[in-house]
Amino acid sequence: VVGQIMDEMTIIWLVLYSALFILPRNRYRRLTNLAFSPPFVLAFAMFTTLLGLFTPVLSHVFVLSCVPFGLYSFITAFRRSKNEAARERFRVALRLFGAAWGCWLLDKFFC
């Protein structure tokens with residue numbers, strides 16, 4: 001049971017936090033600052049533990065709903081961006097999406 005919860009939690013964390021990277025910081029500064037604050041991260045960790053325990057299928061819903069939109073948004077924003085710092089953030093976020101997708105595939109086909 002603990003392994004299943006840890007698996008679901010990491011998938012949800014990767015997908016949702018990598019989705020925050022595509023939000024324009026100047027427009028959603030309060031949301032992104034809140035999402036990376038220590039109290040929110042702690043509450044999010046506790047909440048996703050409960051989600052992983054009671055609704056493990058929810059991680060699959062998050063991945064399937066976020067990945068196509070995220071990939072399209074990343075590729076479009078990455079191509080338009082001339083700012084090297086922003087391009088690096090896009091690279092990090094794309095790696096996080098790839099990790100979430102990989103976790104989902106491993107969970108789906110090997111667990």
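Modeller: Let's start with a term: a salt bridge is a side-chain nitrogen of Lys or Arg within 4 Å of a carboxyl oxygen of Asp or Glu. Please keep in mind that this is a predicted model.

Biologist: Thanks! What makes Arg 91 and Glu 84 a salt bridge?

Modeller: The closest N and O atoms of Arg 91 and Glu 84 are 3.3 Å apart. The cut-off is within 4 Å, so the pair qualifies as a salt bridge.

Biologist: How do you know that Arg 91 and Glu 88 meet in a salt bridge?

Modeller: Here the N to O value is 3.3 Å, and the rule asks for within 4 Å, so this pair counts too. Arg 91 and Glu 88 both lie in helix H5, residues 84-110. They sit three residues apart, about one turn of the helix.

Biologist: How many salt bridges does that rule give?

Modeller: The count comes to two. Glu 84, Glu 88 and Arg 91 are linked in a network.

Biologist: Why is Arg 91 called partly exposed?

Modeller: Its relative accessibility is 27%. Buried means under 20% and exposed means over 50%, so Arg 91 falls in between.

Terms used. Residues numbered from 1 in each chain as written. Predicted model: local features only at pLDDT ≥ 70, side-chain atom pairs only at ≥ 80, totals over all residues. Heavy atoms only, no water. Buried < 20%, exposed > 50% of the residue type's maximum accessible area, 1.4 Å probe, protein only. Helix = DSSP H or I, 4+ residues; strand = E, 2+ residues; numbered from the N terminus.
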